[in-house]
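Here is a short walk through a structure that may be new to you. Keep the view open as you read.

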Amino acid sequence: MNKPLIGAFFAALLLGAGITPAVAAESAQAQESATETATETAPAVKVVTFAGTVALSNCSGSVVRSPDSQPTDPALVLSNGHCLETGFPGPGEVLVDRPSTRTFTLLNASGTGVGTLKASKIAYGAMTDTDLSLYELTSTYEQIETSYGIKALELETAHPVAGTAITVASGYWKRTYSCDIDGFVHQLKEGRWTWKDSVRYTPECQTIGGTSGSPVIDDATGKVVAVNNTGNESGQECTDNNPCEVDENGEVTVREGINYAQQTYNMVPCIGAGNKIDLDREGCGLPKP
């Protein structure tokens, strides 16, 4: 896992980690023509900023909304299940509607903290099949936008596509990582946990500890398609901090230095009226207690 951080010692160590960034024309006239054509046909790309991301005490996260969320609904914060203040949920353990007073630092577009948001409860948390947490806040989307001028990030409702350009935006480090979706993993195993249909990044996204819970944003739409959660650090097989891939035939593949995320489209149907989590709603793909 892109493990939660404890103390300034780890922060100092990880700050030193680097980030890997993300046919000539026959004549100047042809090159100019090709450039103009590309400009005309290329889809508009939204600029990914830190607006709407949050910093937790040990991880990253974001204020998110479903397409049906209303301005007066209590806002939701998305992060990882392994970032919960209650500790790592065990295999098969699902948390629903647990009281919480956790706080989050809300960031603006440039990554500056502009305010503190407070949870009223852990609406959902699990590390089975997925690795995510959803906190319900004491503030509504409308209140957050009025106070800070910041809108929530919208959750994508469809399964992401391989080759999609993405940005992982870490509120903890105030750093972004740009790459593509390389593909999807049937089962991703790490220690005691197994996650399904995980997103695998291309090598450019070298996420580190503290980026756990960062929103994975589709560069073309600006919508959240996944939540960043882990990577194979040292080439070990299926151990803590060294997840392995298991295909439909049980074949195991280890990809040292490759990082992963958990899709979020399947949780959108679980968000009902008033932003309440209802695991019995049609289409809800989250594990139940």
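The text below turns to pockets, then to aromatic pairs.

Bear in mind that this is a predicted model.

Start with the largest pocket. Its volume is about 280 Å³. It is lined by 14 residues. Closest to the centre are Lys46, Ala51, Ala152, Leu153 and Gly222. By class, the lining holds seven nonpolar, four polar and three charged residues.

Now move to the second largest pocket. This one has a volume of about 190 Å³. Twelve residues line it, and those closest to its centre are Asn2, Thr207, Ile208, Glu233 and Asn259. Its lining divides into eight polar, two nonpolar and two charged residues.

Next come the aromatic rings. How many aromatic pairs does a search of the whole structure find? It finds three. To describe such a pair, one gives the distance of the centres and the angle of the planes.

Take Phe104 and Tyr135. Their ring centres lie 5.1 Å apart. Their planes meet at 70°, so the pair is edge-to-face, the class for angles over 60 degrees. The two residues sit 31 residues apart, and the pair links distant parts of the chain. Phe104 belongs to strand β5 (residues 103-107), Tyr135 to strand β7 (residues 132-140). Are these residues buried or exposed? Phe104 has a relative accessible area of 1%, so it counts as buried, which means under 20%. Tyr135 is buried too, at 0%.

Another pair joins Tyr172 and Trp173. Here the ring centres are 5.1 Å apart and the planes stand at 75°, so this pair is edge-to-face. Both Tyr172 and Trp173 are buried.

Key:
Residues are numbered from 1 along each chain as its sequence is written. This is a predicted model: local features need pLDDT of at least 70, side-chain atom pairs count only at pLDDT 80 or more; totals for chains, interfaces and linings use all residues. Side-chain values use heavy atoms; hydrogens and water are left out. On a 1 Å grid over the protein atoms alone, a cavity is a set of points where a 1.4 Å probe fits but cannot get out, and a pocket is an open set with protein on both sides within 12 Å along at least five of seven lines; lining residues have an atom within 4 Å of a point. Grid points are joined across faces, edges and corners, and a volume is the space filled by probe spheres set on the points. Ala, Val, Leu, Ile, Met, Phe, Trp, Tyr, Cys and Pro count as nonpolar, Asp, Glu, Lys and Arg as charged, and the others, Gly among them, as polar. Rings of Phe, Tyr and Trp (its six-membered ring) pair if their centres lie within 6.5 Å; planes under 30 degrees apart count as stacked, over 60 as edge-to-face and the rest as tilted. Helices (H or I, at least four residues) and strands (E, at least two) are DSSP runs, numbered from the N terminus. Buried means under 20% relative accessible area, exposed over 50%, partly exposed in between (1.4 Å probe, protein chains only).
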